[in-house]
Each structure stands twice: as structure tokens, then as C-alpha cells.
Amino acid sequence: MTRKTAREIAMHLTFELAFSNLKADQLLERELTEEAFAARSQEDELYAQFPGQGIREYIVTLVRGVADHGAELDGYIERHAKGWRFSRIDRVAAAIMRLTMYEILYMPDVPNKVAINEAVEIAKKYLDEDVVRFVNGILGAFVREEFPQEEN
């Protein structure tokens with residue numbers, strides 16, 4: 001399993017957290033099992049392979065990180081979504097942007113361009129073209145404005 005697949009699974013889990021009373025660790029404990037993957041694989045080939053230890057740790061880091069920094073990440077989204085209230089933003093788009101912003105802010109081994117490109121590719125799978133452009137625009141503005149010293 002690749003990091004690309006791990007990001008998409010982490011997006012599913014962070015999306016689910018937004019609608020759940022579970023804490024991140026409770027959700028991860030329930031969903032990062034071979035049994036849960038086998039059940040989900042019936043409907044989504046993304047879950048066909050249970051991740052190895054390294055990829056599971058990556059998923060856990062992303063999901064916990066988004067959960068722990070949710071208010072901060074939502075603030076960045078709202079700041080860069082000029083003219084939009086956070087409550088109006090598509091929930092899948094929000095989950096993708098939270099995940100990507102967490103990677104950019106807290107996982108320096110992931111280049112910003114890679115994080116944004118992966119976010120756009122995930123968005124293309126779940127969202128219509130206008131929302132994909134919206135996600136790409138917000139993430140691009142986030143990097144340009146929050147990290148002006150870095151070459152884009």
C-alpha cells in the first residue's frame with residue numbers, strides 16, 4: 001500500500017470523525033483492523049489490502065493530527081476561503097484540506113507540492129470539478145501566504 005492510498009483512507013476516517021462521537025483513537029482502533037478492512041473491501045477496493053505497520057502509523061499520525069489540530073486547520077481553511085463561511089464548505093473538501101494542511105504544517109518530510117497534488121487527486125475522485133478547483137485554490141493560497149519564504 002502506498003502513501004497515496006493511506007492519505008485517502010485517512011481522509012475517509014477524518015471525514016467520519018466529523019460525524020461521530022468517537023475520539024480519534026477509538027475510531028482508529030475500530031477501523032484499522034484486518035476485519036474492518038475486509039468488510040470495507042466489499043464496497044471499496046481501496047481497502048483490499050490491509051496496510052503494513054509503516055503505512056498504518058502514517059494513517060494514525062494523519063488522523064490523530066487532524067483531530068488534535070482541527071480548530072487550527074479549520075481556521076486556516078476559513079481564512080483562505082475568502083467569502084465563504086466554513087459551514088458552507090463541502091465536508092469531503094474540508095476533510096481533504098484539513099489532512100493536507102496538517103501534512104504541510106506538521107510533516108516536513110512531505111513536500112508542499114506533493115501534499116497539494118495528492119489532495120487534488122483525491123478531490124477529483126470524490127468532488128465535482130468546481131469544488132476540486134476550490135480545494136486547489138485554497139491550498140495554494142495557504143502555502144503562498146503562510147510560507148512566503150518557500151519556493152512554490
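## Contacts and burial

Among contacts (heavy atoms within 4.5 Å) with a separation of 6 or more, 70% join residues 24 or more positions apart in the chain. This is a predicted model, where local features need pLDDT of at least 70, side-chain atom pairs count only at pLDDT 80 or more, and totals for chains, interfaces and linings use all residues. Residues are numbered from 1 along each chain as its sequence is written, and side-chain values use heavy atoms, leaving out hydrogens and water.

Of the 152 residues, 47% are buried, meaning under 20% relative accessible area with a 1.4 Å probe, protein chains only.

## Fold and dimensions

It's helices from end to end: the elements run α-α-α-α-α-α-α-α from the N terminus on, with eight helices and zero strands. Helices here are DSSP runs (H or I, at least four residues), and strands are runs of E, at least two.

The C-alpha trace spans about 45 × 30 × 30 Å along its principal axes.

## The cavity

Where is empty space left? Rolling a probe the size of a water molecule over the atoms shows that. Here there's one cavity of 30 Å³ or more, a cavity being a set of points on a 1 Å grid over the protein atoms alone where a 1.4 Å probe fits but cannot get out; lining residues have an atom within 4 Å of a point. The largest cavity holds about 40 Å³ of space, a volume being the space filled by probe spheres set on points joined across faces, edges and corners.

Arg7, Leu99, Glu103 and Ile122 are among the residues lining the largest cavity. Both α6 (91-106) and α7 (112-126) supply at least two lining residues each.

Key:
On a 1 Å grid over the protein atoms alone, a cavity is a set of points where a 1.4 Å probe fits but cannot get out, and a pocket is an open set with protein on both sides within 12 Å along at least five of seven lines; lining residues have an atom within 4 Å of a point. Buried means under 20% relative accessible area, exposed over 50%, partly exposed in between (1.4 Å probe, protein chains only).
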